[in-house]
Amino acid sequence: MTAQQSLAIIAESMNNSRKAILRSSAPYFFLWGILLTVVSLVIYFLWHASGHPVWNMLWFAMPVLGYASAFLLRKKEGPVPTNEIGRLLGPIWGTFGVFSMCLSAIAVFFVPMNISLIIVIILGLAESISGVVLKNWPIIVAGAILGIGGAVAASLLQGAEQLFLFTLGGILLVLTGLIIKFQYK
Amino acid sequence: MFPKLDPLLHSELRLAVMSILAEVRSADFSFLKKQTDATAGNLSVQIDKLAEAGYISVQKGFKGKMPCTTCTITPTGLEAFRNYVNALKDYLPL
């Protein structure tokens with residue numbers, strides 16, 4: 001085996017395993033994106049039809065549904081190791097989940113606040129940071145548009161219409177999954 | 001004078017396994033098998049050789065009812081891999 005062949009094996013092995021790991025994160029972006037889109041639309045239609053914002057309590061069902069589905073997905077896909085990028089992406093979205101659930105609970109039960117404004121900002125931030133980690137400009141820009149544009153829109157929109165920001169966020173998560181899937185094919 | 005290449009790493013399959021583990025630190029047998037396209041028997045033999053040298057550690061257990069073997073690169077293995085890559089550079093024309 002020549003030095004060139006050795007280097008080729010090293011490069012190919014590292015590159016292929018990196019791609020396999022990153023590709024395996026795509027279904028989770030699909031899962032959370034579809035869930036966010038569906039939940040936001042369901043709440044919008046229920047709120048719109050009943051005229052009552054109490055349906056926003058359904059947001060608290062999202063982590064239960066999401067983590068249960070993610071658990072089943074992980075079981076179905078089998079064990080996949082992680083690398084430095086995977087070790088960053090998990091905590092970024094985990095932190096987003098914890099922040100958004102805690103702030104939502106505080107807003108509902110203790111201190112009323114424009115929760116859509118706050119969550120759309122941190123959702124956009126998490127998306128942009130994911131783009132930085134993945135070195136992917138479309139994801140960085142999509143996150144910035146969602147976070148900054150969403151903050152402006154959340155301040156202007158009233159009532160149930162604010163939910164469309166999360167529908168857009170869900171669609172962006174699905175698109176992120178698609179970008180990852182094709183970038184690391 | 002060219003530096004001597006580590007004979008344990010200068011083998012196609014063992015080098016591929018070490019390259020993957022250098023990237024992911026820890027991986028189970030089925031992932032390594034899929035990534036290297038090796039047969040289970042051959043991969044198992046090469047993993048044993050790397051483990052005997054202290055380059056990787058092997059944990060055998062169960063996931064549910066299925067047996068699961070997890071390989072983890074050790075600090076010694078990572079150092080050996082880095083030295084091997086550095087030594088390779090001397091063989092390449094500038």
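Predicted model: local features only at pLDDT ≥ 70, side-chain atom pairs only at ≥ 80, totals over all residues.
Local features need pLDDT of at least 70 and side-chain atom pairs count only at pLDDT 80 or more, while totals for chains, interfaces and linings use all residues. Residues are numbered from 1 along each chain as its sequence is written, and side-chain values use heavy atoms, without hydrogens and water.

**View 1. Helix α4 of chain A.** α4(A) spans residues 84–109, 26 residues in total, and reaches 38 Å between its first and last C-alpha, close to the 38 Å expected at 1.5 Å a residue. Helices are DSSP runs of H or I with at least four residues, and strands are runs of E with at least two. The expected span is 1.5 Å times one less than the number of residues.

**View 2. The contact between chains B and A.** Chain B contributes 24 residues and chain A 21 residues. The two chains bury about 1,800 Å², 70% of it on carbon and sulfur atoms; this is the accessible area (1.4 Å probe) lost on being put together, summed over both. B:E23, B:F31 and B:L92 supply 29% of the area that chain B buries against chain A, more than any other three residues.

**View 3. The salt bridge.** One salt bridge is counted between chain B and chain A. The side chains of A:R18 and B:E23 form a salt bridge at 2.9 Å, N to O; the criterion is a side-chain nitrogen of Lys or Arg within 4 Å of a carboxyl oxygen of Asp or Glu.

Technical notes
Chains lettered and ligands numbered in written order. Contact = heavy atoms within 4.5 Å.
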